[in-house]
Amino acid sequence: MLTKMDERKPLKQGLKKRRQPDEGGGGGGGEMKRKRGGETGQKPQGDGGKKRLDALSVGYFRRVGDRLTEGFDDDEEKEMFVANVLTEVKGKAALVASDRTGSITLQRLLQLSSPEQVGEVLAELGGESGADFKTISCDRCGGHVVESAVRQMSRFSESSTEETNTREEEEGTFEALEAQVLCLSGVVRDNSAEFLGHVHGSHVVRTLLHVLAGCIGPPRTDARAGVKERNSVSPLTDFDVPTSFWYELKSLTEALMDNVTLSVIDAAASAVFQTMLTVCHRKRPKLCKQLLKRIMEYLSSRSAAPGVSPLLVFLKDQASSRLIDTVIQLAHKSLLCGLYKKHLKGQLVDLALHPIANFPVQRLTAASAKYKLVGDYAPCWPEDEGLDSHQYLFLAVSHSLKFQKLFDELLQGLEAILAAGHMGVIVQLAEGCAESEERQEELMQCLLHAFHCAEPGSRHVRCLPLFMSLLTYEVYYHSDAAEGSAQTEVPLSSICYHGSRLVQALAKFKDRSLLLSSLRTLTPADLLTLATDPAGSHVLQALITSSSDKGRGKILKRLEGQYVKMACSRLGSRVLEAVWNSSSVSQRQNIAQELVGCESQLRSDQFARHVWAKFALSHFAHRKAHWQEIQTGESKKRKLFSEILE
């Protein structure tokens, strides 16, 4: 308990300089800086005279953090502890929040505090008018505290499950926190340009947007500036928000749109606009549609070279390309049609070859595959407003975003895109063919030519290793271009991530005969390699599970003798389970017959023992008739459900 910490001392408000990187327990650099302070003992004020916590206070908050880690026996003890620590923080909240140790401890403390207590901390951080929110939000440590405090608003939804009287009482405690969140939003609106361009302040704005919209993700744990987040997609959790937040979100987005210029020149501002579009698309779709239209109008109105669309410049910029990437993912059909027709038509290959612009091309390809029909047209450009019904019909047809158009354009540069190593574009093209069910045969033939296995026809059965390794026939088989000079007995190797994804996409095609024929030419050792490879295991699983019973039986025939090794592999056991779930009763019986012969090995292996249990191999070994009856029943149920789904 905090009350028993007799050694604690009140926090000092005196000035204390920031420890320099070269200062240690008495390093020369620190001593020199102390001497420059003069004989009076006055210490130089680093960071513009910023106040710092003294060593005793830092130690105190470190002990508080340790106590929080230990946990509490009951809620009463926890509430008393939190109240006591917040009493010590009162009057010094900004000082504590700006210290690294104090910030971390205060963030953890806010998660245990009541909404009223969180509101009090925010009120002190913001000052009487809220003007201090700008300073603390743009602080490296203080910004995290503000984010953590604002995030506590997500508890608002928890009160909705309580009884009426309790709910009214609980919601009353949120009024102070609600007021402070609105106050913070007002400060952001008044200083939107400064917040947008600040590496730490922009994170506060992003958290604020999430809370005002009523959807929150996991807390930000990495405090390092500039951490890339392109590939990190965090799940969002919805919660109820007060009505005032709905109006405030509209006002905040308006203020941010006044600084839309920053979204294309600053990475931090671009990230804020991406968050704004994402949360509005989830909770305020009409508002999102308006924002998307305004952003595209701005981007397309910028000056560029004569005859060159400004979007071609923005697509090749690190900050603006990510914003356009988000716009494409969230845009409605008419906006995408206008984007392609007015700006990107005829430029897709050049963009696909660019190291940055190829990502929006992937998004556009994915979006076009979803829109198979023309549908309703909605004006998305200023000059389209006020058209009559005949003009609308014409534009609806001319603006139709068909996958075939993008496919024809990208196909012309397929080999160049492969040579550039931008496999994401090729994979997305294959995914688009699978989803739209169009141009599949044409893409397969182009890939055969690109990997030099189209002619002679005997090379077709060698396509699978080439696709998975992304190597041409001559390179993979160490041969020259002359026919018949290939060394065909080459162990399967060099399976790469994008090659695996390409084959998985091709496995969704209507005609998979080439892939399956190529798979059946692999030796049992190659199939085992495929099953136990991090990338290859997904390929084998996709091909086997998507095959007919007859085709699956041919593959399983070649896998005989490898089931035990697959079961004892972390990845192979997962493939084996997927194969088992899609197999017929007779195929399961063949697999079980091989596995039960190595009972002791399977039961003692960390992966295979799960296979033994899931396949009910003990029943198979001792009560075979009962096992077969159960498997037959499961097979009938599986077939019945598949017919219903179809």
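Helices (H or I, at least four residues) and strands (E, at least two) are taken as DSSP runs and numbered from the N terminus. The model is predicted: local features need pLDDT of at least 70, side-chain atom pairs count only at pLDDT 80 or more, and totals for chains, interfaces and linings use all residues. Residues are numbered from 1 along each chain as its sequence is written, and side-chain values use heavy atoms, with hydrogens and water left out.

P310 belongs to helix 16, which covers residues 310–314. Its relative accessibility is 9%, so P310 counts as buried (buried is under 20% relative accessible area, exposed over 50%, partly exposed in between; 1.4 Å probe, protein chains only). S300 is 10 residues from P310 along the chain, and the C-alpha atoms of the two are separated by 6.0 Å.

Residues 88–124 are 76% helix and 0% strand. The end C-alpha atoms of that span are 13 Å apart. Residues 558–593 are 81% helix and 0% strand, with end C-alpha atoms 15 Å apart.

On the surface, K341, K345, K402 and K405 gather in a patch of positive charge. Patches are made of residues with over 30% relative accessible area and no salt bridge; like charges are joined within 9 Å, and nonpolar side chains (Val, Leu, Ile, Met, Phe, Trp, Tyr) within 5 Å. A salt bridge is a side-chain nitrogen of Lys or Arg within 4 Å of a carboxyl oxygen of Asp or Glu. Lys and Arg count as positive and Asp and Glu as negative, while His and the chain ends are not counted. K402 sits in the loop between helix 21 (389–398) and helix 22 (403–411). K402 counts as partly exposed because its relative accessibility is 37%.

E455 and P456 are joined by a cis peptide bond, with omega about -10 degrees. P456 lies in the loop between helix 25 (440–450) and helix 26 (463–469). L470 is not a glycine, yet has a positive phi of about 55 degrees. The loop between helix 26 and helix 27 (473–476) holds L470. With 26% relative accessibility, L470 counts as partly exposed. A616, also not a glycine, has a positive phi of about 50 degrees. A616 is placed in the loop between helix 37 (608–614) and helix 38 (617–622). At 25% relative accessibility, A616 counts as partly exposed.

Methods
Areas by Shrake-Rupley, 256 points an atom, 1.4 Å probe, with all protein chains shown as cover. Charge placed at Lys NZ, Arg CZ, Asp CG, Glu CD.
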